[in-house]
Amino acid sequence: MSRLMRAGILMTILAVLLAACGPNRENGQQADRDGDGGASETANSPDGELTAGGEIFVYGMSYENADEIATTRVDHFTSQYPDVSVTFSESDFSAETLIPALRGSDPPDVIRMPRNIAGGYIQRGIFEPLGECLERAGVDPSIYQPSAMEQLTVDGTIYGLPQAYITRAWLIDNSVFEAAGLDPAAFDWSDWDAIRAANQTILDAVESVKVGIDPKVSDPTSADMFPLWVHANGGELISEDGQPRLNAPEVVEALEFVASMIEPYGSHAAFLDARGATGDFFGAENQFVLDTEGAFPMQQTYLNTLATNSPDVEITAAPFMTRDGEPFTWADGDVLGISATSDNKDAACAFITSVLSTDAWVAAAEARQQIREEEGVPNLGTVSGNVEADRIIFSEIVDLADYPVFEAAVQTYLDVQDAAFVIPRSVAAEQVQQAWATAVDRVLNGNADPQAALDQAQAEAEAAIADAGG
Amino acid sequence: MSTSQHAERSAVPGIRQPEAVLAERSRGGVRRVASRAVYIALLAGFTILFVYPFVWLLSASLKTGAEVFNNELVPDPVMWGNYAELFARRPVLAWTWNSVLVSMLAAVTVTVTSAMVAWAFAYFRFPYRNLLFGVVLASMMLPGAVTMIPNFLIWDWLGWNNTLVPLWAGNLFASPFYIFLLRQFFLGLPRELFDAARVDGASHLRMWWSVALPLTKAALIVVFVFELKAAWTDLVKPLIFLRDVGTYTLPRGLKAIVDSSNIGGEQHFELLAVGGVLVTVPMIVIFFVAQRYFLEGIATTGSTGR
Amino acid sequence: MQAAEPRRILRLPVGQDRSTLLWVALFLSPWIIGFVVFTAGPMLWSLWLSFTNYDVLTGTGDFIGLRNYERMLGDRRVGVSLWNTAYFTLLYVPLSVGLGLLLASLLNRTGGRLAGFFRTAFYLPNVTPAVAVGTLFLLLLNNPDGLVNQALAAIGIPGPSWLNDPAWIKNGIVLMMLWSIGGTVVILFAALRNVPVELYEAARIDGASAWRQFRHVTLPMISGALFFVLIINTVASLQLFSEVYTIFYGQQQGQTAGGDSALFYVVYLFRNAFEFFEMGYASALAWLLFAVIGLITFVQFRVSRRFVYYEGEER
């Protein structure tokens, strides 16, 4: 065992040096957990028989720099389980920090990551099955969005619970559309020829406009909304059984179409530069205020940004449509799961079931309502992925009577959320996503034609799945 | 600056005057002066290219988010608050401390151990010496990417993942390039000193520590500042070993700021600039303090590279 | 320089007695341990890994023979990243050496305290951390608001989209890396200053033109230093990582477009190892890089024999 010997020599030397140099380990974030318990209710005991104490470490979540939606729910947990001391990585999930996370001296008890990529990690055994946890905590998994649960369930075993349920719809700048002679409320989003024509009309007719209708497929890592376009065309990128379908005719046609939406700008780079000049997307001087962009599909969470920065903006939200005229959306969000490395699985279970509970979400929504009221801007609510909580939040807390524009927009998103599809679980989710995103990127940049690029992507995706043992 | 020139090691003293000196000596002085003016103008132009980005960055770090790109030299208003904001949002103090700790440990350890090994190669005669030194030279050419993964797995296996230890402890084992460099300096020491010391009965350890090291102080400082810079600026090791934001070094922290500057609803280019200033300024200060050693070291590198 | 200088320290004729050998072993021990544990051992380990499908997350892996190497042949991204790296190297290395020589010559002709001042200024970007360089150029190369394109616009040239246009991304990276050319300048400047003045005087008496002086005196006398910067700039180019990763990868990825145009070889290797957790495949990629660097260095050394003049050497 020469490795052991070498390591032994090494460790001896290092130990001597370390002793001389003083401690520099354990510099981790210690969130101050003496909080006030935030939520209004008294420390109610859990429904089930779960008791928990000790310490847990949550990877992929922040507390110190987090918003009230996160902190209120964590405070809810600490008031419910005062014996558990919890610390956070204070950072988002990122693949390159996951290894040191899992293999470091203090491995995580709870892991948060995007649901779309969770499949490969479930396959690798990173997540603990939740059956016993849910039973002991007295949690009925059917209160969570069924489509989200699908992404987290393998052969009937649940590996995580959803946090947030983010859906997409068109956001339309009313004055831009009207200036181009289009009706923002009545535009037919199922007619792709009409969309293409409207893009051109807006670019030609409206002086202030930099971008007409953005198909939102330019992110080279995910191709943003490309799954929406594929779905609208009757295709799917990953089939129900986790196999890639990247070069199917529906996908090729969708890619041809989105590429044609970029053509009027001359090149993809020119389009991106134009889009970069539409204004401060996350600020008060945004594209809807400046009337520099016609329409684009966007996550519901962006409405919150708009409502805070520019509450008087005139926009219309419209559902994404299949070419057959059916409204639909695409949903994703995060997962919270118990890490297989956890040595305090009871407390980890307590944490995920508590922060994702109906009470926690409602308390968080109330906290946000109070803050928004003080700021004098509308509160659009948060879609939690917990159906029970969402019903209470949107029927009892969120009141947009004074803000008809946002009221209508939020309603559009809510109306379509049950017609959501999710990206089916895949053992090589990241690589498959990278494969289609690269294909889209190559086509937009004029480096390949859609069929060839997607054939290539399909081959890459199949290889990745084979390597991952799927 | 003239000190740095005098300090430059030169093989044959007395014949290293630059062409300019020659030029002034020769006829046609007016033309020479004129062309020298052109050179200086050209150099001044390049200096602006090299230095202005620093000024731009500093200026951008003091602007409001909307004005970052306005290319005004003097920010109006001057947003000192940007710095306070970054310190409030991120554990910048902890990052700075981690960076200082890692760089100091890395520089001290590699200087001492490389000097040990270099001394052995310069001073002693022992079996397989040339072969071993050949191995040292050969390992200088090894690309870091080849050993990156196993080195990661070793530190991981030792349980030092997510700590600062792997960022500097590898330096306990000397570094081929510095061994090479220091050996050259040791070889230049007069032998009589060591003969005399040996007659006095000095041990090998004392000979190295009390006689050889003090005589090569300048070279040791060169190694020290080189490694200080290398450790301070490193991104790869912090990237693969560190998980918790509180354990980050300044460069890793800046990468995290870059990563999040466009995500999650914020586009704070001015805070990016603040981060850039914070990670750069300490190195610039050290550079000006130890300028002579940096420039001398890099020049020596070139001439010993043969 | 050492070649021209008589060696002054002589190794003591020890080695027979055991206690001195023990001292040698003690002095050498840091390097020997380090070499075994952190160089030779990892090389063998890495070679072994390249024949396995080791997954660092699960800690499992099987011997799969040459499959990783076969996979590299069919991996489009290996080709793309090799091409990107080669493009960058072929553009950057000649530019850095050429521009470095130009600046060093200007410094040398100027001389005096001023040259010292300029040299310091040129070297400043070299002490700037790679992440800061990346961050700075993320801002400077912005189109159309960044300083570079604003400056181009001021002289009537519409600047390209450095961060988004696949045709320009690598050129932008070359520009960024040229900013840190100071090290090359300092090395070449030092070499130029060591050219004996007498050689120029002799050449002048023979009536040699400035070009002929440069060609037949300067170039041969600094050929050693030129070759040195050629090698180190090439090896560094082939391993470019931090600056590019800062701008285009990590979670930052997705904020700039251009897909694989900034996928440099070591970036791809890093992503395989630490983002996709495929350390077996990444190890195979590392060995290809090792082979490529070894081959290029070997060729450069062979070619240099014909051109590099060392002091004291007969020609």
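Biologist: In this predicted model, how many residues of chain C are in contact with chain A?

Modeller: On the chain C side 24 residues take part, and they meet 29 residues of chain A. Helix 1 of chain C supplies the largest share of that side, with four residues. By class, the side of chain C that touches chain A has ten nonpolar, ten polar and four charged residues.

Biologist: What makes two residues count as being in contact?

Modeller: The criterion is that their C-beta atoms, placed from the backbone, lie within 7 Å. By that criterion, the contact between chain C and chain B takes 103 residues from chain C and 101 residues from chain B. Helix 1 (residues 18-49) of chain C gives the most to the side of chain C that touches chain B, namely 17 residues. That side divides into 65 nonpolar, 28 polar and ten charged residues.

Biologist: Why is helix 18 of chain A called roughly antiparallel to helix 19 of chain A?

Modeller: The axes of helix 18 (residues 429-444) and helix 19 (residues 450-467) of chain A cross at roughly 165° and come within 8 Å. Angles over 145 degrees count as roughly antiparallel, and therefore helix 18 of chain A is roughly antiparallel to helix 19 of chain A. The crossing of helix 18 of chain A past helix 19 of chain A is right-handed.

Biologist: Which residues bring helix 18 and helix 19 of chain A together?

Modeller: From helix 18 of chain A they include A:Val432, A:Ala435, A:Trp436 and A:Ala439, and from helix 19 of chain A they include A:Ala453, A:Leu454, A:Ala457 and A:Ala461.

Biologist: What makes strand 2 and strand 6 of chain A the edges of their sheet?

Modeller: The sheet of chain A is open, with five strands in the order 2-1-3-13-6 and mixed pairing. Strand 2 (84-88) and strand 6 (161-166) of chain A each have a single partner strand, so one side of each lacks a neighbour in the sheet. From one strand to the next, the twist averages 20°. Helix 14 (residues 345-355) of chain A packs on this sheet, and its direction makes about 155° with that of strand 13 (332-338) of chain A.

Biologist: How do you know that strand 1 and strand 3 of chain A pair?

Modeller: At least two bridges are needed for a pair, and two bridges join strand 1 (residues 54-59) of chain A to strand 3 (residues 110-114) of chain A. These strands run parallel, and A:Val58 stands opposite A:Val110.

Biologist: What pairings does strand 12 of chain A make with strand 11 and with strand 14?

Modeller: Strand 11 (residues 320-321) and strand 12 (residues 327-330) of chain A pair in the antiparallel sense over two bridges, with A:Phe320 partnered by A:Phe328. Strand 11 and strand 12 of chain A form a hairpin with five residues between them, and A:Gly325 in the turn has a positive phi of about 90°. Strand 12 of chain A also pairs with strand 14 (residues 420-421) of chain A in the parallel sense, over two bridges. There, A:Trp330 has A:Phe421 as its bridge partner.

Biologist: Where does the pLDDT of chain B stay under 50?

Modeller: It does over residues 1-18 of chain B, for which the model has 35 contacts beyond four places in sequence. Confidence in chain B is lowest in helix 1 (residues 2-7), at a mean of 36, and highest in helix 5 (residues 92-123), at 96. The mean pLDDT is 84 for chain B and 86 for chain A. Where pLDDT is low, the predicted coordinates should not be read in detail.

Conventions: Residues are numbered from 1 along each chain as its sequence is written. Chains are lettered from A and ligands numbered from 1 in the order in which they are written. This is a predicted model: local features need pLDDT of at least 70, side-chain atom pairs count only at pLDDT 80 or more; totals for chains, interfaces and linings use all residues. Ala, Val, Leu, Ile, Met, Phe, Trp, Tyr, Cys and Pro count as nonpolar, Asp, Glu, Lys and Arg as charged, and the others, Gly among them, as polar. pLDDT is the predictor's confidence in each residue, from 0 to 100. Axes are lines fitted to C-alpha atoms, for helices over the stretch in contact, and angles run from 0 to 180 degrees between N-to-C directions. Angles under 35 degrees count as roughly parallel, over 145 as roughly antiparallel, 65 to 115 as roughly perpendicular and the rest as oblique. A crossing is left-handed if the near helix is turned anticlockwise from the far one by less than a right angle, and right-handed if clockwise.
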